[in-house]
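Please walk through the model below one part at a time, starting from a single helix and ending with backbone details.

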Amino acid sequence: MNKVVAEHQGYLMQATNATIQFGGLRAVDSVNMNIEAGTIVALIGPNGAGKTTFFNLLTGIYTPTEGEILFEGRSVSGKKTHVIADWGISRTFQNIRLFKEMTVLENVMVGRHVRTKSGFFGATFRTPSFRREEKQIQEDAERWLEFVGLIEYANDLASNLPYGAQRRLEIARALATEPKLICLDEPAAGMNESESADLDDLILRIRDELNITVFLIEHDMKVVMNLAEYIYVLDFGKLIAEGLPAEIQSNPAVIEAYLGQDMEAAIKAKRRALLEARGEIAPETTPKPEAAAKDPVMMDSDGVVMVATEDNKEKNDAA
Amino acid sequence: MTNTKNTSNNTTAAYEDQAVKGKASSAEAIFGNIAKPMFSRGGNKSPLKTALTALLLVFLFALPIYLQGMGEALLLAALVGIGLYVILALGLNIVVGYAGMLDFGRMAFYAVGTYAAIILAIPLANLLGDSLEGLVFPLVMVAAGLIAAFVGWLLSLPVMRLRGDYLAIVTLGFGEIVRITIQNNPFGLTNGLLGLPDRGNVLASPPFFDWLRDNVYWALGNDFFFTMTRNVYWYYMVLIMLIVAIIVVRNQDNSRLGRSWAAMREDEVAASAMGVNVTKAKTWAFVLGAFWGGIAGACFGFFLGGISPEPFSFLNSVIVLAIVVIGGMGSIPGVLVGGVLIMGFPELVRWFAMNHLGQAGGDIQSMVANFRNLFLGLLMVVMMAVRTEGIIPMKPKFHKLFGKGKSDKGDHTDAVVGAAPKGGAGS
């Protein structure tokens, strides 16, 4: 309706006033976001904030009801998902969506679909060009499996892979489309400490070796703070903060969104306690809020707040 | 970092090595390669499998000689019917097994193919004249396939957004629409319930049939006398078309197109996010599936020498679907076994009752006819309870790797972090 004609400002991805409304719910509400090529950008926010919905807007699964998302200056609104994949946006899914009854290698070979072209005729008559392309597809797929470290599993069914490997396979499949922007939806979810450290490494290699821009949704703050060069924070569909990791960590709006108002007070108290312990400020006589004793806020000796979300808690409990 | 680089260098070398080998083998004749995947899939060549396939082929080609020699003409006709249904089921397998769309209207394409072939045959025969009579059948068969494929494309337009049950209902309705339309003699084309060809017209003789009938015969002793009858001729024709269908369908499955079907079947959203044009993949599935309906239809019409609308009932659509589901969705051997079992078993019992049980035979024969659907239903229930994936389930496509074994394993597990993910909670 109120179509904003956004001006392309040279960003790889540029969302202007992007909005999607489901009935009365504005799942993504007037979001402005820019991603520069070659960066690692994180999108964080509490559960149900609209992060995955934003990914769905970006990859053409939904069409924005208002506003516009430009990818390399082209609007993704109303474009089919496979066309957007062709432009160079690829993604993984929050609740792993592999082709379960296909082998690991075939999964990645599907990713080559968008960069290859043989069709019905070549397939039926197995023309030389078809066979050449088919061989190339398999070689490329193998290379991507090697990149993520799954080549040993090439001929296993995707559904038989361990959980962490399934997430890697999704990444390999997305990489096989040769994207310019890869959107990772909670890649570290369900991973243990060492797996998620390996994942950090993989994501860095995607950016450094392949020069692919990474846009990731993640609840694991350790992963986010390790990787992200810029962070956007969504809450109830609205962008509530953006900035460098350090800025986001101390942003009261973000802390409030994650933890609610009481927790903000708890953090203040804790920080105060830390400073007291260091002897930087004089001890206060007022009693500390009780919440501080059992709160989910952790703070390291530098005063960096580690936020425990529902997801993280579950994971930590499981581990 | 340096480690990684090393690995990629190693593997690049391995690929180049492979590329050289690839060049040498690309000198093979194209036709050799067309038929290749029939015997070996993805390079997994097992001598036992090849031998069994060859044995089966020899058996299938020798069977009519024995049967006709022994005078079992009816059994031969039943085998032709089985073959036609297997071709139909192979086409349906593309839609149901590969692309994962439920289709209850297979008879629509069979009917379109049959009628198209017969309607076109008579003017074409007049056009070509007596000397080229043999060309009529191949030409109308291809035309029937193309027309059925076109109808498949038409059907794909409205059903593009439908899935599962809704798609099943629409295809079911479509099958009935086609049959009832044919009954109602649209534009005077189909001659309604009376069927085609009209009085006074005879379908052109298929290629080489007259010559074969007059020249191929031999006798062995008193009990064995072989001639190239109509049944024998159509047995071979259908067998050849069946083999062609298997090769073509298999080629299509083992390709970029086939992968797009499989991806779509497994997860439509993920498939389109990976760049698969789902609309296009669905359309191709419908079109290529319908094509075999048309081919089988043309053979059916010419085998019978004429056609009326009765064989294209909804029940028969269900039987074709049952062949695919019971045999194994997405599995060509499964479809073959399913077809032989579902179509063949009642025929076999009927034949046995008629020929070897004397007086009681007639009763048993009618009993089999009546209980056939009960048997089918029972089989369906049992299969759904104990083996949902079918008698011979679809196998994942294994590929012989180009890179593996050449790259140093230790090196690359080193370079690739967490190559063997442990635990992972599995939740």
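How many residues does helix α6 of chain A have, and how far does α6(A) reach from its first C-alpha to its last? Helix α6 (residues 163-175) of chain A has 13 residues and reaches 19 Å, close to the 18 Å expected at 1.5 Å a residue. The expected span of a helix is 1.5 Å times one less than its number of residues. Helices (H or I, at least four residues) and strands (E, at least two) are DSSP runs, numbered from the N terminus.

Some conventions apply throughout. Residues are numbered from 1 along each chain as its sequence is written, and chains are lettered from A and ligands numbered from 1 in the order in which they are written. This is a predicted model, in which local features need pLDDT of at least 70 and side-chain atom pairs count only at pLDDT 80 or more, while totals for chains, interfaces and linings use all residues.

Helix α6(A) is largely enclosed by the rest of the structure, because 12 of its 13 residues are buried. A residue is buried if 20 or more other C-beta atoms lie within 10 Å of its own, exposed if 12 or fewer, and partly exposed in between, with C-beta atoms placed from the backbone. Among the buried residues of α6(A) are Gly164(A), Arg167(A), Leu169(A), Glu170(A) and Ala172(A). The cover over these buried residues includes β6 (89-91), α3 (104-111), α5 (128-148), β7 (181-185) and α7 (193-208) of chain A.

Two of those covering elements, β6(A) and β7(A), pair in the parallel sense over three bridges; two strands pair if DSSP finds at least two bridges between them. Within this pairing, Ser90(A) stands opposite Ile182(A) in β7(A). The open sheet concerned has six strands in the order β6-β7-β8-β3-β9-β10 (chain A), with mixed pairing. Strands β6 and β10 (238-243) of chain A are at the edges with a single partner strand each, so one side of each is left without a neighbour in the sheet. On average, neighbouring strands of this sheet are turned by 20° against each other, direction ignored. Helix α7(A) lies across β3 (40-44), β7 and β8 (213-217) of chain A and runs at about 150° to β8(A). Axes are lines fitted to C-alpha atoms, for helices over the stretch in contact, and angles run from 0 to 180 degrees between N-to-C directions.

A further open sheet in chain A has four strands in the order β2-β1-β4-β5, with antiparallel pairing. Here β2 (25-35) and β5 (74-75) of chain A are the edge strands, each with a single partner strand, so one side of each is left without a neighbour in the sheet. Strand β1 (residues 13-22) of chain A pairs with β2(A) over seven bridges in the antiparallel sense, and Met13(A) has Ile35(A) of β2(A) as its bridge partner. Helix α1 (residues 51-58) of chain A packs on the sheet and touches β1, β2 and β4 (66-71) of chain A, its direction making about 65° with that of β2(A).

Chain A as a whole comes to 13 helices and 12 strands, and 49% of its 319 residues count as buried.

Where chains A and B meet, the contact takes 58 residues from chain A and 47 residues from chain B. Two residues are in contact if their C-beta atoms, placed from the backbone, lie within 7 Å. On the side of chain A that touches chain B, the elements giving two or more residues are α2 (81-87), α3, α4 (120-125), α5, α6 and α7 of chain A. Helix α5(A) gives the most, with nine residues. By class, this side of chain A has 22 nonpolar, 17 polar and 19 charged residues. Ala, Val, Leu, Ile, Met, Phe, Trp, Tyr, Cys and Pro count as nonpolar, Asp, Glu, Lys and Arg as charged, and the others, Gly among them, as polar.

The largest nonpolar core has 199 residues, of which Leu145(A), Ala172(A), Ala285(B) and Cys299(B) touch the most other members. A nonpolar core is a set of buried Ala, Val, Leu, Ile, Met, Phe, Trp, Tyr and Cys residues joined through C-beta atoms within 7 Å. Not counting residues up to four places away in sequence, Cys299(B) touches Leu84(B), Met141(B), Met237(B), Val238(B) and Met241(B).

Some backbone details remain. The peptide bond from Leu196(B) to Pro197(B) is cis, with omega near -5°, and Pro197(B) is in the loop between α7 (164-183) and α8 (209-215) of chain B. Phe187(B), in the loop between α7 and α8 of chain B, has a positive phi of about 50° although it is not a glycine.
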